[in-house]
Amino acid sequence: MNVWNKVFYALIAVLCVVFTYFATGEYQKTKKNTADLEAQVAKIAQLQDEIAALKIALDGDPMKAAETWDELGLRVQLDRVDAMFRGDVFFNCAPLEALTFEVDKDPISQDSILGAKISFTVPETYGLGAFADAGADAFRQGSVAYVFDSGFTVVADDETLDETAEVAAVEPRYLGAFKFVGSAATQANLESVGLLTEEELTAIQESQRSGRSWIVCVDRLPMNAAAPDVAALIEADPTTFADLSEEVKTYFQTATPKAHISELFPEVCAPSQFVDYQSVLAAQQATRDAENLLKARRTLALNDLTYVLVDQLVMIGAEVDEATQALYTAEDFEAAIARQLVPSYEERRATLDAELAKMETYRDLAKSKLEEAQARVAECQAAVDATLAENVRLAAEIAQAQIALAENAKQKSENGEATTAFALSGI
């Protein structure tokens, strides 16, 4: 074998060893990275499971309706406890007045948009300090209150409300959301939030005049689930309870289920599954805002169509049937007439009809003149024809006379007589 072949084979062997070394290192590195990646994926999956479990612990299971206190979630439980601490439900509120006022004007129709101003008194058994910003008897300015007609008559003693109250002629109902604008002693003054329909304004005024009491929920709505067992909560976590202030301890130790509608009026509030009325109301208000926006858009589109319809009717100028007149108002029609810049089709047709009648008069006059001229031409033609006939007759007579004279002249010439013109005439 040639020495150079041996050298070549040796170099190939060295290269194979080097390649094998690097390939083995790359394989080990890839294997390690794959193992690390799998470990990271498993850790991420574990963290995601922990996050999902934490969300359920905080907010409750979204796939299941909460039926017990433990199933509500920590945030909801905290809101419930906070709502109890703030004491934001006021029963047996006596309505004093319900007045309307102009909130704004409709940008399209310029009609007044009305709101409601209401006032009521809070029973003296309730303390207003939790809502005060300028003293113990002043509601916090701007706080939102949800007002309900309880369906029960106002009683003097709140302690015997559930024993002496009688059901009124109407069912309990929601009257609207209001904000506090002032207070005096136990009287609170509020103004409506958002837009109210005429039916809602009428319902508020009717409820105020009826003598039925109002239930006022400040800042949030209560939930229809029964109140938690405060004693059991204290017993479950005595350490946390021991760290609370004396005021908070006293509140929780004296808390009663009276602050819950379902237990205050069990005959009208049947037990049901847990419902967060605040979330339900927020969703309904969002839906109502969307529907109001859709209504405003459709009203604007309807006004545009009415504008075009009235303009077209004015441009046509014809009689309009009653069904079409019901689509617009007299003011719309008068405004369209004021905008009119050119005559309507009916006006132009009436003008053309008048001009056509005048032209027909001219045509009839010209026709009569033409017939008169044609009659005169016919008379002239008859006279010409008669004259021509008479001329022919005279020409014939003249020709006959000339022939006779010629014959006479010929005879006299043959007889040797004089042939002068006078002699030929035979005179």
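Helix H12, which covers residues 345–415, has 71 residues and reaches 102 Å from its first C-alpha to its last, close to the 105 Å expected at 1.5 Å a residue. Here the expected span of a helix is 1.5 Å times one less than its number of residues, and helices (H or I, at least four residues) and strands (E, at least two) are DSSP runs, numbered from the N terminus. Just after H12, Gly 416 takes a positive phi of about 80 degrees. This is a predicted model, in which local features need pLDDT of at least 70 and side-chain atom pairs count only at pLDDT 80 or more, while totals for chains, interfaces and linings use all residues. Residues are numbered from 1 along each chain as its sequence is written, and side-chain values use heavy atoms, with hydrogens and water left out.

Helix H1, at residues 3–59, can be described in the same terms: it has 57 residues and reaches 83 Å from its first C-alpha to its last, close to the 84 Å expected at 1.5 Å a residue. Just after H1, Gly 60 takes a positive phi of about 90 degrees. Val 3, Trp 4, Val 7 and Leu 11 make a nonpolar surface patch of about 440 Å². Such patches are made of residues with over 30% relative accessible area and no salt bridge, like charges being joined within 9 Å and nonpolar side chains (Val, Leu, Ile, Met, Phe, Trp, Tyr) within 5 Å; accessible areas come from the Shrake-Rupley method with a 1.4 Å probe, and for residues only the protein chains shown count as cover. Buried means under 20% relative accessible area, exposed over 50%, and partly exposed in between (1.4 Å probe, protein chains only).

The strands come next. Strand S2 (residues 112–121) pairs with S5 in the antiparallel sense over 5 bridges, where two strands pair if DSSP finds at least two bridges between them. In this pairing, the bridge partner of Thr 121 in S5 is Gln 187. Strand S4 (residues 173–184) also pairs with S5 in the antiparallel sense, over 6 bridges, and here Lys 179 has Glu 191 of S5 as its bridge partner. Strand S3 (residues 144–153) and S4 pair in the antiparallel sense over 6 bridges, with Val 147 standing opposite Gly 176 in S4.

Charged side chains provide another view of the model. Side chains of opposite charge can pair when their charged atoms come close. The structure holds 12 salt bridges, a salt bridge being a side-chain nitrogen of Lys or Arg within 4 Å of a carboxyl oxygen of Asp or Glu. One of them joins the side chains of Asp 36 and Lys 32 (3.2 Å, N to O), which both lie in helix H1, 4 residues apart, about one turn of the helix. Asp 36 is partly exposed, with a relative accessible area of 36%, whereas Lys 32 counts as exposed at 52% relative accessibility.

Another salt bridge links Glu 200 with Arg 288, the closest N and O atoms being 2.9 Å apart. Glu 200 lies in helix H4 (residues 198–210) and Arg 288 in helix H9 (residues 277–316), so the pair ties together parts that are 88 residues apart in sequence. Glu 200 counts as partly exposed at 24% relative accessibility, and Arg 288 counts as partly exposed at 29%.

In helix H12, Glu 346 and Arg 349 lie 3 residues apart, about one turn of the helix, and form a salt bridge whose closest N and O atoms are 2.7 Å apart. Glu 346 is partly exposed, with a relative accessible area of 26%, and Arg 349 is partly exposed, with a relative accessible area of 47%. Elsewhere, salt bridges that share partners join Asp 149, Arg 173, Glu 206 and Arg 212 into one network. Arg 212 is placed in strand S6 (residues 212–218) and is buried, with a relative accessible area of 5%. The side chain of Arg 212 makes polar contacts with the side chain of Asp 149 (2.8 Å) and with the side chain of Glu 206 (3.1 Å). A polar contact is a pair of N or O atoms within 3.5 Å; within protein, one must be able to donate a hydrogen and the other to accept it, and residues adjacent in sequence count only if both atoms are side-chain atoms.
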